[in-house]
Amino acid sequence: MVIRELIVDVDDKTCRHAWSARGEPLTHHNASLQVFSDGADKCRVVWIADLLPNEVAGTVDEMIQRGLSTMKETLEKSSTGR
C-alpha cells in the first residue's frame, strides 16, 4: 500500500502533529498525534485516526500499534544510552 500523507499542522508548543493520508484504499483519513508530559521521566502519547472505509481500520490499527511500539523502544533506548 502506498499512501501520500499531507501535513495539516505541526504545533511545537502543544507537541501535536496532525496529518491527512490520501490514496487507495482510503476514502477519508485524518489523524493527529500529541505528546503529554506524565511526570519527570514519562510521557503519554495519544494517536487519533479517523478513516474510511471501516474495512481498513484493522490494518491501520496494526500500523499505529507498530509505530507506537517503535517510538517507545527508540525513546527508551535513547534515555538509557544504549
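Contact here means heavy atoms within 4.5 Å, and on that basis S20 touches R4, E5, L6, V8, H29 and N30, not counting residues up to four places away in sequence. The model is predicted, so that local features need pLDDT of at least 70 and side-chain atom pairs count only at pLDDT 80 or more, whereas totals for chains, interfaces and linings use all residues. Residues are numbered from 1 along each chain as its sequence is written, and side-chain values use heavy atoms, with hydrogens and water left out.

S20 is found in strand β2, where strands (E, at least two residues) and helices (H or I, at least four) are DSSP runs numbered from the N terminus. S20 counts as buried because its relative accessibility is 3%, the classes being buried under 20% relative accessible area, exposed over 50% and partly exposed in between, with a 1.4 Å probe and protein chains only. The side chain of S20 also reaches the backbone oxygen of H29 at 2.8 Å.

The largest nonpolar core is made up of six residues, A21, L26, L51, V56, V60 and I64; such a core is a set of buried Ala, Val, Leu, Ile, Met, Phe, Trp, Tyr and Cys residues joined through side-chain atoms within 4.5 Å.

A pocket is an open set of points on a 1 Å grid over the protein atoms alone, where a 1.4 Å probe fits, with protein on both sides within 12 Å along at least five of seven lines, and lining residues have an atom within 4 Å of a point. Volume is the space filled by probe spheres set on the points, which are joined across faces, edges and corners.

| Pocket | Volume |
|---|---|
| Largest pocket | about 340 Å³ |
| Second largest pocket | about 240 Å³ |

The largest pocket is lined by D41, K42, C43, R44, V45, L68, M71, K72, L75, E76 and S79. The elements that give two or more residues to this lining are β4 (43-52) and α1 (57-80), and α1 gives the most, with six residues.

The second largest pocket is lined by 13 residues, of which E5, W19, H29, V60 and M63 lie nearest its centre. Two or more residues of this lining come from each of β2 (16-22), β3 (28-37), β4 and α1, and α1 gives the most, with three residues.

Methods. Polar contact = N/O pair within 3.5 Å; in protein donor to acceptor, adjacent residues only side chain to side chain.
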